[in-house]
Amino acid sequence: MELTAAAAWLNLAFADFDLAIMVAVHKLYEIAGWFFSPVLETITFFGNGGICLIIFSLFLMFFQKTRRFGTAMLLGIIIGALFTNVWLKVAIARPRPYSDEASVMHQIWVTMGQHLESDKSFPSGHTTSAFACMTPLFFAKKKPVAICALLFAFLMGISRIYLAVHYPSDVIAGMFVGFVAGCLGTLIASKLPEKWYKLSFKKSK
């Protein structure tokens, strides 16, 4: 299949960078794959289709104390999905790194279990949704919450490189798009009527 101009440019411009980072991340498997594989596969599972992140956002929206975060997170996920899955992936149409069977990345992908993906590669949808969802929590006043949110989003990106289903440049783009989407979600959430945040879903006795 012929590459789009954008996909061809990405493959050429980031060839050395993508290969170097993926090989470096793959060292985790060589060092302690018995630990990193189940951990990172579990993390990537939570990003599949954004379903778990959406459920988490809806759960936070149910309670008044966390509704602002849940609302901003859900809005961020929606905005991120529109940018990444509806627009960029379709327009750029970059093949997955494992599509070239003669490449080192394909060999790494085989070693990591040959996880197949149905859509295009750029940018990473998992990373986009993770950063879009966690960015509002990153702005939380409680540092432990902010640190955990950022760590989860970062590990999501690492997991995609580790499994060789995304180029590192896909993940970096996903981080950027997700962060912007999360910021926009936070901004929109701050403009919603206050009565939304005071609404109670509990049944009155």
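This is a predicted model: local features need pLDDT of at least 70, side-chain atom pairs count only at pLDDT 80 or more; totals for chains, interfaces and linings use all residues.

I began with charges over rings, and found Arg67 over the face of Trp196, at 5.4 Å from the ring centre. My rule for this asks for NZ of Lys or CZ of Arg within 6 Å of the ring centre and within 35 degrees of the ring normal. Arg68 lies over the face of Tyr197, at 4.2 Å from the ring centre.

Residues are numbered from 1 along each chain as its sequence is written, and side-chain values use heavy atoms, with hydrogens and water left out.

Next, ring pairs. I counted eleven aromatic pairs, taking rings of Phe, Tyr and Trp (its six-membered ring) with centres within 6.5 Å; planes under 30 degrees apart are stacked, over 60 edge-to-face and the rest tilted. Phe14 and Phe17 have ring centres 6.4 Å apart and planes at 70 degrees, so I logged them as edge-to-face. Phe14 is partly exposed at 28% relative accessibility, and Phe17 is partly exposed at 34% (buried is under 20% relative accessible area, exposed over 50%, partly exposed in between, with a 1.4 Å probe and protein chains only). Trp34 and Phe35 are also edge-to-face, because their centres lie 6.0 Å apart with planes at 65 degrees. Here Trp34 is exposed at 69%, while Phe35 is partly exposed at 41%. I also noted that ring pairs link Trp9, Phe14 and Phe17 into a cluster.

Then the core. A nonpolar core is a set of buried Ala, Val, Leu, Ile, Met, Phe, Trp, Tyr and Cys residues joined through side-chain atoms within 4.5 Å. Which of the 30 residues in the largest one touch the most other members? I found Met22, Leu53, Cys133, Met134, Phe152 and Tyr162. H7 gives the largest share of this core, seven residues.

Last, the largest pocket, with about 380 Å³ of space. A pocket is an open set of points on a 1 Å grid over the protein atoms alone, where a 1.4 Å probe fits, with protein on both sides within 12 Å along at least five of seven lines; lining residues have an atom within 4 Å of a point. I found 18 lining residues, with Arg68, Phe69, Pro136, Leu137 and Ala140 nearest the centre.

Conventions: Grid points are joined across faces, edges and corners, and a volume is the space filled by probe spheres set on the points. Helices (H or I, at least four residues) and strands (E, at least two) are DSSP runs, numbered from the N terminus.
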